[in-house]
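Welcome! Have a look first, then try each task before reading on.

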Amino acid sequence: MALEVWVSVFSLAGVALGGGLTALSQRATQRSAERAEERRQASATSEARRAEQLQAIKDFIACAQDAERAAYSRPDSWGDDDGWSGSAAATMTKLWVAERHLVLLCDTVLHAPVHAYGRALNQAVWREIGDTEVNEHLEEHKTAFMTAARGSLASH
């Protein structure tokens, strides 16, 4: 009878050990799957954030192009503006809204260049640049903005 007890005890110990190892294996697999899901979600969030930033940059560039067009099409005298000033004001409002979106969404490294470029566009549209050509006035600011935008996107 003692032999039967020992056989039963060993059998029970084997079942307990096997069950414990199975539970431990399942727990490790579950944790690994959870970590993989967390990494996937972080990657998806990062990619969505980058896409949002890219769209904000594109929107600002489109508004900047409209502002440049307004600066080039400005009439020489205010009396002959044919609605130009209202259209230019609306264009500049869109530009400033797009600039604020960039400030909200993008890295701080982009804040100063986007503001400087927007200010330079505003000066060009309202002819606060004297006899300087529009493209000459804007080139340095546009280049600084584009460089900062590329750097901001590359860092993500």
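**Exercise 1. Decide whether Glu 140 is buried, partly exposed or exposed, and find out where it sits.**

Solution. This is a predicted model, so every value here is computed from predicted coordinates.
- Step 1: Glu 140 has a relative accessibility of 63%.
- Step 2: The cut-off for exposed is over 50%, so Glu 140 counts as exposed.
- Step 3: Glu 140 belongs to helix H4.
- Step 4: Now look across to Ala 116, which is 24 residues away along the chain; the two C-alpha atoms are separated by 9.8 Å.

**Exercise 2. Work out whether His 137 is buried or exposed, and list what it touches beyond its sequence neighbours.**

Solution. 
- Step 1: His 137 is also placed in helix H4.
- Step 2: Its relative accessible area is 17%, and buried means under 20%, so His 137 is buried.
- Step 3: Setting aside neighbours within four places in sequence, His 137 is in contact with Ala 120, Gln 123, Ala 124, Ile 129 and Thr 132.

**Exercise 3. Find how helices H1 and H2 are oriented to each other, and describe their contact.**

Solution. Two packed helices are described by the angle between their axes and the distance between those axes.
- Step 1: H1 covers residues 2-72 and H2 covers residues 84-105; they pack at an angle of about 155 degrees, with axes 9 Å apart.
- Step 2: Angles over 145 degrees count as roughly antiparallel, and H1 and H2 are therefore roughly antiparallel to each other.
- Step 3: The crossing of H1 and H2 is left-handed.
- Step 4: On the H1 side, the contact includes Ile 57, Phe 60, Cys 63 and Ala 67, while the H2 side includes Met 92, Leu 95, Ala 98 and Leu 102.
- Step 5: Sorted by class, the contact of H1 with H2 has 15 nonpolar, two polar and six charged residues.

**Exercise 4. Repeat the analysis for H2 and H3: what is their orientation, and which residues meet?**

Solution. 
- Step 1: The axes of H2 and H3 come within 10 Å and cross at roughly 175 degrees.
- Step 2: H2 and H3 are therefore roughly antiparallel to each other.
- Step 3: Among the residues that meet are Trp 84, Leu 95, Trp 96 and Val 103 in H2, and His 111, Val 114, Gly 118 and Asn 122 in H3.
- Step 4: The contact of H2 with H3 divides into 10 nonpolar, four polar and two charged residues.
- Step 5: Take a closer look at Asn 122, which lies in helix H3. With a relative accessible area of 18%, Asn 122 is buried.
- Step 6: Leaving aside neighbours within four places in sequence, Asn 122 is in contact with Met 92 and Trp 96.

**Exercise 5. Describe how H1 and H4 meet.**

Solution. 
- Step 1: The axes of H1 and H4 come within 12 Å and cross at roughly 175 degrees.
- Step 2: That makes H1 roughly antiparallel to H4.
- Step 3: H1 contributes residues including Leu 54, Ile 57, Phe 60 and Ile 61, and H4 contributes residues including Leu 138, Phe 145, Met 146 and Leu 153.
- Step 4: By class, the residues of this contact of H1 with H4 are 12 nonpolar, two polar and three charged.

Terms used. Residues numbered from 1 in each chain as written. Predicted model: local features only at pLDDT ≥ 70, side-chain atom pairs only at ≥ 80, totals over all residues. Heavy atoms only, no water. Axes fitted to C-alpha atoms, helices over the stretch in contact; angles between N-to-C directions. Helix = DSSP H or I, 4+ residues; strand = E, 2+ residues; numbered from the N terminus. Parallel < 35°, antiparallel > 145°, perpendicular 65-115°, else oblique. Left-handed = near helix turned anticlockwise from the far one by under 90°. Contact = heavy atoms within 4.5 Å. Nonpolar A, V, L, I, M, F, W, Y, C, P; charged D, E, K, R; others polar. Buried < 20%, exposed > 50% of the residue type's maximum accessible area, 1.4 Å probe, protein only.
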